[in-house]
Amino acid sequence: MEYHGDKYHTGARPLHSIDFWIIMHDQDYLNDYFRHHWKPSEDAYKFSAYDVIAQKILSHEWLLDVGCGHNPFKGRVKNVIGVDPAMDEADFRVTIEDFLA
């Protein structure tokens, strides 16, 4: 598969191409991308920042954060479970398909 200088598919090809579909279903590829190249942009959003969301979750409620990344709700929400196949900070480092609650 040829990447044309855009290894992580940041826009060089249309989303409907077959090679894009194959890449987006390759778990090792996705884990590598999110572990080593993706950066969160939490400070860019005034009304959906982690602290704003955390304030809306009551102390007796649970949050299941699927695709938690660096598990940003840990320490902000009393009852949180983070699931992510790529990040060591997740409580469960598995895909959602393999997660058993």
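The model is predicted. It has 3 salt bridges, and its largest pocket has a volume of about 300 Å³.

**Salt bridges**

- Side chains of opposite charge can pair when their charged atoms come close.
- Arg76 and Asp51 form a salt bridge, with an N to O distance of 2.6 Å. Arg76 is in the loop between S1 and strand S2 (80–83) and Asp51 is in helix H3 (residues 50–55), so this pair ties together parts 25 residues apart in sequence.
- Arg76 is partly exposed at 32% relative accessible area, and Asp51 is partly exposed at 43%.
- Lys74 and Asp91 form a salt bridge at 2.8 Å, N to O. Lys74 sits in the loop between S1 and S2 and Asp91 in the segment after S2, so the pair ties together parts 17 residues apart in sequence.
- Asp88 forms a salt bridge with Arg93, with their closest N and O atoms 2.6 Å apart. Asp88 is exposed, at 61% relative accessibility, whereas Arg93 is partly exposed, at 40%.

**A buried charge**

- Asp65 lies in strand S1 (residues 63–66).
- Asp65 is buried but has no salt bridge, because its nearest side chain of opposite charge, Arg76, is 8.8 Å away and a salt bridge needs the nitrogen and oxygen within 4 Å.
- Leaving aside residues up to four places away in sequence, Asp65 touches Pro72, Phe73, Ile81, Gly82 and Val83.

**The largest pocket**

- The largest pocket is lined by 17 residues, and Gln27, Phe34, Gly67, Asp84 and Pro85 lie nearest its centre.
- Helix H2 (residues 27–36) gives the largest share of this lining, 4 residues.
- The lining has 10 nonpolar, 5 polar and 2 charged residues.

Terms used. Residues numbered from 1 in each chain as written. Predicted model: local features only at pLDDT ≥ 70, side-chain atom pairs only at ≥ 80, totals over all residues. Heavy atoms only, no water. 1 Å grid on protein atoms, 1.4 Å probe; cavity = no way out; pocket = protein on both sides within 12 Å on 5 of 7 lines; lining within 4 Å. Points joined across faces, edges and corners; volume = space filled by probe spheres on them. Helix = DSSP H or I, 4+ residues; strand = E, 2+ residues; numbered from the N terminus. Nonpolar A, V, L, I, M, F, W, Y, C, P; charged D, E, K, R; others polar. Buried < 20%, exposed > 50% of the residue type's maximum accessible area, 1.4 Å probe, protein only. Lys, Arg positive; Asp, Glu negative; His and termini not counted. Contact = heavy atoms within 4.5 Å.
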